[in-house]
Amino acid sequence: MERSERDVIDFSALQSELQAAVESERKHERENNAKLRAVRQGVCYSQFRELVLCSHLKPLERSEKLAAPRKQPWNPVAPGNS
């Protein structure tokens, strides 16, 4: 019994196709959730579009905020800010 090239499964191609499909589904779900939140908030179209385009962004963790050095003083007139 001979095996043709059609009978051989390319697992690396199958895995990369699966990963692309999973990422596409995550993106769709994330953007759809952003759309639903924007509709509930009653925003205008430009804000709606910005919310959907920024749906991949995540808020900073508290530890990330505290560890980062301050580059911009909020009050440049206050003592200690040069």
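Q: Where is Ser-55 found?
A: This is a predicted model. Ser-55 sits in the loop that runs between helix 2 (45–53) and helix 3 (62–67).

Q: Is Ser-55 buried or exposed?
A: Ser-55 is buried, because its relative accessibility is 14% and the cut-off for buried is under 20%.

Q: What does the side chain of Ser-55 reach?
A: The backbone oxygen of Val-52, at 3.0 Å. The Ser-55 side chain also has a polar contact of 3.5 Å with the side chain of Arg-30.

Q: And which residues does Ser-55 touch, leaving out those up to four places away in sequence?
A: Arg-30, Glu-31 and Ala-34.

Q: Now helix 1. How many residues, and what is its reach?
A: Helix 1 covers residues 11–41, which is 31 residues. From first C-alpha to last, helix 1 reaches 45 Å, close to the 45 Å expected at 1.5 Å a residue.

Q: What follows helix 1?
A: Gly-42, with a positive phi near 70 degrees.

Q: How many aromatic pairs in the whole structure?
A: The search finds one. The pair is Tyr-45 with Phe-48, and the rings are stacked, at 6.3 Å centre to centre with 25 degrees between the planes.

Q: How are Tyr-45 and Phe-48 placed in helix 2?
A: They are three residues apart, so about one helical turn separates them.

Q: Is Tyr-45 buried or exposed?
A: Tyr-45 is exposed, with a relative accessible area of 60%. Phe-48 counts as partly exposed, at 21%.

Q: Last one. What does UniProt place at residues 9–75?
A: An unreviewed UniProt entry gives the feature "domain: Dynein attachment factor N-terminal" there.

Q: How much helix and strand is in residues 9–75?
A: The span is 69% helix and 0% strand, and its end C-alpha atoms are 63 Å apart.

Terms used. Residues numbered from 1 in each chain as written. Predicted model: local features only at pLDDT ≥ 70, side-chain atom pairs only at ≥ 80, totals over all residues. Heavy atoms only, no water. Helix = DSSP H or I, 4+ residues; strand = E, 2+ residues; numbered from the N terminus. Expected span 1.5 Å × (residues − 1). Buried < 20%, exposed > 50% of the residue type's maximum accessible area, 1.4 Å probe, protein only. Polar contact = N/O pair within 3.5 Å; in protein donor to acceptor, adjacent residues only side chain to side chain. Contact = heavy atoms within 4.5 Å. UniProt positions renumbered as here; feature names shortened; annotations may be inferred. Phe/Tyr/Trp six-rings, centres within 6.5 Å; stacked < 30°, edge-to-face > 60°.
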